[in-house]
Every structure is written in C-alpha cells, then in structure tokens.
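Open the model in your viewer and keep the sequence panel beside it. Each stop below tells you what to select and what you will find there.

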Amino acid sequence: MIGMGKSISHTAASMSYGMNQEKGSEIVHSQYLAGETPREITEEFKVIQEQNELCRKNTLSFVLSPTIEDGRKLEREQLKEMTERFLKEMNLKQHQAVAFVHRDKEHVHVHLYANRINFQGKAYNDSFIGKRSQQVAERVAKQMDLTTVREVQQEKLYRMQHVRSEIQKIHEKVMARERPRDFDQYIKSMEQNNVKVIPSINRQNQLQGFRFEHKGTNLKGSEVHRSMSMGRIARQMNFERNMAQRIAKDKSMQLLGRTVNIPTSLTQTIIKKTIKLAIKVVRDTGIGI
C-alpha cells in the first residue's frame, strides 16, 4: 500500500474531487462531522479553522492506495478499518476527518481529508508529512496483511534482475554465434531473439547508446550489465576495415537506414578493435611476416 500526504489550502475544491460521483465515490469514514456534501463538510472544517487564522494550509490531504490485487479484495468495512488505523497512527483521531473511496479505475484508492486544526485551535505539525504518510501506510498494511511498498519494490527488483539476466545471456549468445560486423547486424540478431534494441540519438543526431526492451521492461545497456554499454558492445564487434576507416573519416555511420554522428570515443574504440583484428589475422596466417 502507498500512502501520500500534504497540507493544502484549497479544501473545497479538493474535497469535491474526492466526492466525485463519476469516480464511483462513497464515504467510507467520517468523524466529528454532520455534513455529507463537500460544501457542508468544508463549512464545518472552517468553523474550527477560524480559531487559527495564521495557518493557511489548514487541511491535510492523504491518498491511501492498496495494490490492485489487494484493492479488489477490500470491502467497504475493510477500507473503513484501513482509514481508521491510518488516522490513529498519524495521531489524527481527535481531528475532523472524512474519507472517500474511488472505484472508477482498476486501482481502488481512498482520498482522506483531515482538519489540520484541532478543537483547541492548534495546527497539526506537518513536517515531513509525505514521508510520515508512507511510513504509517507501511505499518497499517502490515497490520492488515496487505502488500507493502517495500514488498512491491522487492518483487519488481526480482523481476528486473531476471529480465536483465535474460537480456545479457541473449547478448552473449548473439556475440558468440552471430559475430555481428556492425550495429545493424547486432540489432537484427537481438530482435530475432525477442530483444528490441533501441538506439538513443540526441538532438544533434549523435548516437548516445542503446536501450534494450524485453518482456515489457526497457533498460539502458549499462543498466542491464556494465559489459553492454555502447563502447563495450563496439569492442565485441568484428567491424570490417573499410567500414572502420569510413567511420573514422566521417565521424558517422549508417544505422537502421540513416546516417548518425558518433562520439570520438566510439570512433577510437572501433579503430582500435579493427587494428587488433588485423594484427590477429597477421599472427594467425603469417601474412606480412
């Protein structure tokens, strides 16, 4: 579950959004309030807020978002319990508050509004309110056996690591079996193995690197593995000498049917790789000795 919070001054407008009937909203919790419409509730808030005219942002606005899976299971009473636990953990049980659930999208979530001014006219301390909201949401999720943000992040990290590993293995297989002679061949071979390679080209038409898309995940080469940055991929290529000479002369290359500029560092990498290949040929064949 995600928890977000902030102090606001536009109470009426925000509360009207919270109670938007088009979003399938309904009140799941109300405390120290008699009104049921945004206008009525805002007026009741104002009665208390007039005791502290120095406080401008005098309403606390929170959004509590369970995961999609948890949201499907939560009935009105459970959403009410979730809201009440959150208010208690935030030390807001003695403040006016109202909560609306939105079910217009697949992602069920609660909009919660609390009067920042208590019945003694004192303003609630909103320091680090965003961070505290998330920490309390984590505690409430654990109390109710709901999925926490940390658990979601860990699951995403696990999936990401799996995808990274798959992309790297496919890259290594392509390099070993196909031995591509330029980036076009490399991109085609990777795509045949279900990895889309997307060149990153800036406004100056200069090639900056590559992104890799696989199973819905899009990553920079260096995010997949340090061996998959543009320069390191170039080192693994088998560029032909004539192509390397043209690249060195023009500071550009043909890539997927268009001419792109390339950085000096990449040009140097390609030239060095070509020289090494030439030396290897001489050694292996004895030609030139």
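Predicted model: local features only at pLDDT ≥ 70, side-chain atom pairs only at ≥ 80, totals over all residues.

**Stop 1**

Thr 42 is part of helix H2, which covers residues 38–49. Leaving out residues up to four places away in sequence, Thr 42 touches Thr 11, Ala 12 and Met 15.

Now show helix H1, residues 11–18, together with H2. How is such a pair described? Two packed helices are described by the angle between their axes and by the distance between those axes. For H1 and H2 the angle is about 145 degrees and the axes are 9 Å apart. The crossing of H1 and H2 is right-handed. To see the contact, select Thr 11, Ala 12, Met 15 and Ser 16 on the H1 side. Colour the selection by class: the contact of H1 with H2 has five nonpolar residues, four polar ones and no charged ones.

**Stop 2: the five-stranded sheet**

Strands of a sheet pair through backbone hydrogen bonds, either parallel or antiparallel. Which kind of pairing, parallel or antiparallel, does this sheet have? The pairing is antiparallel, in an open sheet of five strands ordered S1-S3-S5-S4-S2. Find the edges next: strand S1 (2–8) and strand S2 (26–31) each pair on one side only. From one strand to the next, the twist averages 15 degrees.

Then select helix H5, residues 129–143. H5 lies across S1 and strand S3 (59–65), and its direction is at about 150 degrees to that of S1.

**Stop 3: strands S4 and S5**

Stay in the sheet and select strand S4 (residues 97–102) and strand S5 (residues 109–115). These two strands run antiparallel and are joined by six bridges. Phe 100 stands opposite His 111 in S5.

Move along to His 102, also in strand S4. Is His 102 buried or exposed? His 102 has a relative accessible area of 0% and is therefore buried. The side chain of His 102 makes a polar contact with the side chain of His 111, at 3.5 Å.

**Stop 4**

Select Thr 147, in the loop between H5 and H6. Thr 147 counts as partly exposed because its relative accessibility is 25%, and that class lies between the 20% and 50% limits. Apart from neighbours within four places in sequence, Thr 147 is in contact with Met 1, Thr 67, Asp 70, Ala 141 and Val 152. Use the distance tool from Thr 147 to Gly 257: their C-alpha atoms are separated by 48 Å, and the two residues are 110 residues apart along the chain.

**Stop 5: around helix H7**

Go to the loop between helix H6 (149–177) and helix H7 (183–192) and pick Arg 179. Arg 179 is not a glycine, yet it has a positive phi of about 45 degrees.

Phe 183 belongs to helix H7. With a relative accessible area of 1%, Phe 183 is buried. Its contacts, leaving aside neighbours within four places in sequence, include Leu 207, Phe 210, Met 230, Ile 233 and Leu 255. Between the C-alpha atoms of Phe 183 and Val 197 the separation is 9.8 Å, and these residues are 14 residues apart along the chain.

Asn 194 sits in the loop between H7 and strand S6 (196–201). Here too the residue is not a glycine: Asn 194 has a positive phi of about 70 degrees. Asn 194 is exposed, with a relative accessible area of 59%.

**Stop 6: a hairpin**

Last, select strand S9 (residues 252–255) and strand S10 (residues 258–261). How many bridges join S9 to S10? Four bridges join them, and the strands run antiparallel. Leu 255 has Arg 258 in S10 as its bridge partner. Two residues lie between the strands of this hairpin, where Leu 256 takes a positive phi near 50 degrees. Leu 255 was also listed at the previous stop, as a contact of Phe 183.

Conventions:
Residues numbered from 1 in each chain as written. Heavy atoms only, no water. Contact = heavy atoms within 4.5 Å. Axes fitted to C-alpha atoms, helices over the stretch in contact; angles between N-to-C directions. Left-handed = near helix turned anticlockwise from the far one by under 90°. Nonpolar A, V, L, I, M, F, W, Y, C, P; charged D, E, K, R; others polar. Pairing = 2+ DSSP bridges. Buried < 20%, exposed > 50% of the residue type's maximum accessible area, 1.4 Å probe, protein only. Polar contact = N/O pair within 3.5 Å; in protein donor to acceptor, adjacent residues only side chain to side chain.
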